[in-house]
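Me: I would like to learn how to read the features of a structural model. Please give the general idea each time, and then the case at hand.

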Amino acid sequence: MMLGDTAQTITQGVGFKFKNLNKVFYEINKNANAWYTQLTVNFRSHNQILDLANSLVCAIELIFPSTIDPLEKERSHWDGMKPVLF
């Protein structure tokens with residue numbers, strides 16, 4: 001099992017993408033899409049925080065389209081207070 005979050009890559013010059021890893025497994029297995037699953041339910045944060053985080057990820061995808069894998073929006077089972085930015 002492999003896990004990762006390309007939206008959290010902070011090292012300059014590192015361009016790891018899960019779709020590239022997918023190509024390697026496809027060559028080995030010829031059925032690579034069977035192992036790739038994005039987890040979209042977040043158990044650490046509530047929806048108000050995730051709405052903010054999702055909007056930041058969308059901005060990264062628009063401004064720097066080749067830097068992270070396209071991601072589905074994360075959701076939570078809980079609502080909470082709207083975050084305040086300073």
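Me: Where does Glu74 lie?

Reply: Glu74 lies in the segment after H2. This is a predicted model, in which local features need pLDDT of at least 70, side-chain atom pairs count only at pLDDT 80 or more, and totals for chains, interfaces and linings use all residues. Residues are numbered from 1 along each chain as its sequence is written, and side-chain values use heavy atoms, with hydrogens and water left out.

Me: How many helices and strands does the chain have?

Reply: The chain has two helices and zero strands.

Me: Is Glu74 buried, partly exposed or exposed?

Reply: Buried means under 20% relative accessible area, exposed over 50%, and partly exposed in between (1.4 Å probe, protein chains only). Glu74 has a relative accessible area of 25%, so it is partly exposed. For the chain as a whole, 16% of the 86 residues count as buried.

Me: Which residues does Glu74 contact, leaving aside its neighbours within four places in sequence?

Reply: Contact means heavy atoms within 4.5 Å. With those neighbours set aside, Glu74 is in contact with Thr40, Asn42, Leu50 and Asn54. The C-alpha atoms of Glu74 and Asn54 are 7.0 Å apart in space, while the two residues are 20 apart in sequence.

Me: Which residues of H2 are buried, and how are they arranged around the axis?

Reply: The buried residues of H2 are Asn47, Leu50, Asn54 and Val57. They cover an arc of only 75° around the axis, so they are on the same side of H2; the arc is that of the directions from the helix axis to the C-beta atoms. On the face of H2 turned away from this buried side are the exposed residues Leu56, Leu62 and Ile63.

Me: How is the length of H2 to be read?

Reply: The expected span of a helix is 1.5 Å times one less than its number of residues. H2 has 17 residues and reaches 24 Å from its first C-alpha to its last, close to the 24 Å expected at 1.5 Å a residue.

Me: How many salt bridges does the structure hold, and which side chains meet there?

Reply: A salt bridge is a side-chain nitrogen of Lys or Arg within 4 Å of a carboxyl oxygen of Asp or Glu. The structure holds one salt bridge, in which the side chains of Asp51 and Arg75 meet at 2.7 Å, N to O. This pair links distant parts of the chain, with Asp51 in helix H2 and Arg75 in the segment after H2, 24 residues apart. Asp51 is partly exposed at a relative accessible area of 37%, and Arg75 is partly exposed at 36%.

Me: With which residues is Val41 in contact, again leaving aside neighbours within four places in sequence?

Reply: Val41 is in contact with Arg75 and His77. Val41 lies in the loop between H1 and H2 and is partly exposed, with a relative accessible area of 39%. The C-alpha atoms of Val41 and His77 are separated by 7.7 Å, although the residues are 36 apart along the chain.

Me: How many aromatic pairs are there, and what is their geometry?

Reply: Rings of Phe, Tyr and Trp (its six-membered ring) pair if their centres lie within 6.5 Å; planes under 30 degrees apart count as stacked, over 60 as edge-to-face and the rest as tilted. By this rule the count is one aromatic pair. Phe43 and Trp78 form it edge-to-face, at 6.4 Å centre to centre and 70° between the planes. Phe43 lies in the loop between helix H1 (18–29) and helix H2 (47–63) and Trp78 in the segment after H2, so the pair ties together parts that are 35 residues apart in sequence. Phe43 is exposed, with a relative accessible area of 58%, whereas Trp78 counts as partly exposed at 44%.

Me: What share of the contacts between residues at least 6 apart in sequence joins residues at least 24 apart?

Reply: Among those contacts in the chain, the share is 62%.

How values were computed. Helix = DSSP H or I, 4+ residues; strand = E, 2+ residues; numbered from the N terminus.
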